[in-house]
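Student: Hi, I'd like to go through a protein model with you. Could you put it up, please?
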Amino acid sequence: MREKILSILNDIDDSVDFEEEKSLIGDHILDSFGIINLVGELEEEFDISIGPEEMTKENFDSVDDIEAMVKRLAEEG
């Protein structure tokens with residue numbers, strides 16, 4: 001799962017070492033357009049639905065945060 005998330009992030013912006021970044025939102029690495037693209041790709045890849053209530057800094061600020069959200073949503077699914 002983590003490798004696929006990293007692959008999706010690298011497709012969005014391959015100039016960032018997403019594995020090392022710990023504040024994607026706080027450091028303005030992911031902007032609103034990037035998050036929208038990411039959400040669409042995550043929903044398609046993992047067959048999950050990411051609702052507006054999930055659009056928080058806590059869910060998208062690092063690869064760990066994104067992975068935890070995807071796992072949780074997949075389990076709830």
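**A chat about the chain**

Tutor: Let's start with Glu41, which counts as partly exposed because its relative accessibility is 40% (buried is under 20% relative accessible area, exposed over 50%, partly exposed in between, with a 1.4 Å probe and protein chains only). This is a predicted model, where local features need pLDDT of at least 70 and side-chain atom pairs 80 or more, while totals for chains, interfaces and linings use all residues. Residues are numbered from 1 along each chain as its sequence is written, and side-chain values use heavy atoms, leaving out hydrogens and water.

Student: New topic: is Ser62 buried or exposed?

Tutor: Ser62 counts as buried, because its relative accessibility is 6%. Ser62 sits in the loop between α3 (57-60) and α4 (63-76).

Student: What separates the C-alpha atoms of Ser62 and Phe18?

Tutor: A distance of 7.6 Å, though these two residues are 44 residues apart along the chain.

Student: What about the whole chain, how much of it counts as buried?

Tutor: Of its 77 residues, 38% do. The C-alpha trace spans about 30 × 25 × 20 Å along its principal axes.

Note on methods. Helix = DSSP H or I, 4+ residues; strand = E, 2+ residues; numbered from the N terminus.
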